[in-house]
Amino acid sequence: MGLSTFSIAPMESVAAVAADAMAQIYVFRDRGLTRDMLARPAACGMQGIVVTIDTAITPVRERDRRNGFRHLACPTAGQMAGLLRHPLWLAGMARRGMPAIGNLAADTTQRGVMAQAKQMASLIDPTLDGDGLAWPGLAWLG
């Protein structure tokens with residue numbers, strides 16, 4: 001199992017119940033944040049990491065365009081209406097409170113998953129390429 005950096009569940013929670021989990025990590029412009037994200041999987045017992053380096057250009061996903069999720073910071077009225085068709089899911093969400101990006105909650109100033117994702121995605125290093133893996137923080141990937 002690969003756990004996204006943008007997962008609602010923090011990697012520490014997932015590692016506690018998924019022995020074979022790996023963490024997918026982006027390289028941020030702030031290498032200190034990247035270094036912290038690289039240290040956490042080993043510290044919580046995850047099996048490894050997957051470093052994503054192909055995010056310089058966000059792809060146009062047809063489902064995102066169709067659902068209106070591209071470049072949004074909050075849901076539209078249509079999306080909210082769609083959520084009302086799932087009352088059990090909504091009740092569960094209400095019990096747990098406002099979701100946040102669990103892996104990055106301490107690193108964002110935004111509230112709500114969509115706004116957090118938009119802010120944190122803007123911090124991903126768009127210049128990273130294969131040569132950037134020579135950065136000392138990633139050199140151990142060999």
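Reader: Which residue of β3 stands opposite Ala23?

Author: Ile49 does. Another such position is Met22, which stands opposite Gly48 in β3. Before we go on, a word on the model: it is predicted, local features need pLDDT of at least 70, side-chain atom pairs count only at pLDDT 80 or more, and totals for chains, interfaces and linings use all residues. Residues are numbered from 1 along each chain as its sequence is written, and side-chain values use heavy atoms, with hydrogens and water left out.

Reader: How many helices and strands are there in the chain?

Author: Let's start with the terms. Helices (H or I, at least four residues) and strands (E, at least two) are DSSP runs, numbered from the N terminus. Here the chain has 6 helices and 3 strands. Starting at the N terminus, their order is β-α-β-α-β-α-α-α-α.

Reader: What is the order of the strands in the sheet?

Author: Two strands count as paired if DSSP finds at least two bridges between them. In this chain, 3 strands form an open sheet in the order β1-β2-β3, with parallel pairing. β1 (2-3) and β3 are the edge strands, each pairing on one side only. Between β2 (residues 22-26) and β3 (residues 48-52), the parallel pairing runs over 5 bridges.

Reader: Which hand does the β-α-β unit of β2, α2 and β3 have?

Author: Picture the strands pointing away from you: a crossover is right-handed if the path from the first strand over the helix to the second runs clockwise. The unit made by β2, helix α2 (residues 31-43) and β3 is right-handed.

Reader: What span does α2 reach from its first C-alpha to its last?

Author: The expected span of a helix is 1.5 Å times one less than its number of residues. With 13 residues, α2 reaches 18 Å, close to the 18 Å expected.

Reader: Which residues of α2 are buried?

Author: Buried means under 20% relative accessible area, exposed over 50%, and partly exposed in between (1.4 Å probe, protein chains only). In α2, the buried residues are Leu33, Thr34, Met37, Leu38, Arg40 and Pro41. They fall within an arc of 155° seen down the axis of α2, so they line one face of the helix; the arc is that of the directions from the helix axis to the C-beta atoms. Ala42 and Ala43, on the other side of α2, are exposed. Across the chain, buried residues make up 32% of its 142 residues.

Reader: What covers the buried residues of α2?

Author: Contact means heavy atoms within 4.5 Å. The cover includes α1 (11-17), β2, β3 and α6 (113-121).

Reader: What happens at the start of α2?

Author: A side-chain oxygen of Asp30 reaches to within 2.8 Å of the backbone nitrogen of Gly32. Just after α2, Gly45 takes a positive phi of about 90°.

Note on methods. A polar contact is a pair of N or O atoms within 3.5 Å; within protein, one must be able to donate a hydrogen and the other to accept it, and residues adjacent in sequence count only if both atoms are side-chain atoms.
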